[in-house]
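Subject: A structure for you to look at

Hi there,

Here is the structure I promised to pass on. Have a look at it first, and then read on for what turned up.

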Amino acid sequence: MIKENLKEVKEKIQKACLRSGRDPKEVTLIAVSKTKPVSMIEEVYTEGIRDFGENKPQELREKYDLMPQDISWHMIGHLQRNKIKYVVDRACMIHSIDSVRLAQAVEEEAAKREKVIPILLEINIAREESKFGFLEEEVYDAIETISKLPHLKIEGLMTIAPFVENAEENRIHFKNLRKLSVDIKQKNIDNVNMCNLSMGMTGDYEIAIEEGATFVRVGTGIFGERNYIK
Ligand SMILES: *Cc1c(COP(=O)(O)O)cnc(C)c1O
């Protein structure tokens, strides 16, 4: 089942790239393995996937320690400051930097280890009450501060689009995230590299690719529905 799912997702990514005149090499598929057991992750690994996404620090740590070392683990969920220690040595990138305070706390942990951590700034592009992330008008002040932190490297933006019936409804949000990243790029701020857009999930990744996604985060489309009741 997983094998077929993955094949379908890869084909859809290829097609979305073709439609939008993009090189498929620009798009990295992150298999979002949260709540899923190591046995399923191994199946996806065997199919050649090396980028996995987790939203809970302890879960990322556990799986990191059990799985091959050539995996790139992406931290994609809201991060509490007291849990940074679990991911700072293990995540290749933190997609979910949603406050200046969090960035400063990651800086502290990274500095202790003399590491530089690639990060994305999470943007609440659809201005949903329920979501974490910077509002567009907040992001410039945030970048001003975060870009000066020597152990963080800003490499782009991330968003979680609204849950919608028709994925086309999210196109405008993906367009807006892209626009924001272009605006930031034009400011040529030191230590800010707007080379990544992390956007698109199972319901809308094809549209996100058409609008410029470089990372798509697909969970259900690969692993099937998540069951939170254990
Ligand atoms: C769970 C999750 C995903 C994957 O969602 P699916 O709809 O299962 O593809 C992507 N991004 C984030 C931040 C998530 O928490």
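This is a predicted model: local features need pLDDT of at least 70, side-chain atom pairs count only at pLDDT 80 or more; totals for chains, interfaces and linings use all residues.

A polar contact is a pair of N or O atoms within 3.5 Å.

Let's begin with the ligand. Its surroundings are made up of V32, K34, I76, I160, M201, T202, R217, V218, G219, T220 and R226. Sorted by type, this shell has five nonpolar, three polar and three charged residues.

Which side chains come within polar contact range? T202 places a polar side-chain atom 2.4 Å from an oxygen atom of the ligand. For T220, an N or O atom of the side chain is 2.5 Å from a ligand oxygen. K34 also has a polar side-chain atom, 2.6 Å from an oxygen atom of the ligand. On its own the ligand would expose 390 Å², and the protein buries 90% of that area. The ligand takes up the space of the largest pocket.

Now for the cysteines. A disulfide is a covalent bond between the sulfur atoms of two cysteines. How many disulfides does the structure hold? The number is zero. C17 is in no disulfide, and the nearest cysteine sulfur, in C195, is 17 Å away. C17 is also buried, at a relative accessible area of 0%.

C92 itself is partly exposed, with 31% relative accessibility.

Enjoy exploring!

Best wishes

Technical notes:
Residues are numbered from 1 along each chain as its sequence is written. Side-chain values use heavy atoms; hydrogens and water are left out. A residue is near a molecule or strand if one of its heavy atoms lies within 4 Å of it. A polar contact is a pair of N or O atoms within 3.5 Å; within protein, one must be able to donate a hydrogen and the other to accept it, and residues adjacent in sequence count only if both atoms are side-chain atoms. Accessible areas come from the Shrake-Rupley method with a 1.4 Å probe; for residues, only the protein chains shown count as cover. On a 1 Å grid over the protein atoms alone, a cavity is a set of points where a 1.4 Å probe fits but cannot get out, and a pocket is an open set with protein on both sides within 12 Å along at least five of seven lines; lining residues have an atom within 4 Å of a point. A molecule sits in a cavity or pocket if more than half of its atoms lie within 2 Å of its grid points. Ala, Val, Leu, Ile, Met, Phe, Trp, Tyr, Cys and Pro count as nonpolar, Asp, Glu, Lys and Arg as charged, and the others, Gly among them, as polar. A disulfide is a pair of cysteine sulfur atoms within 2.5 Å. Buried means under 20% relative accessible area, exposed over 50%, partly exposed in between (1.4 Å probe, protein chains only).
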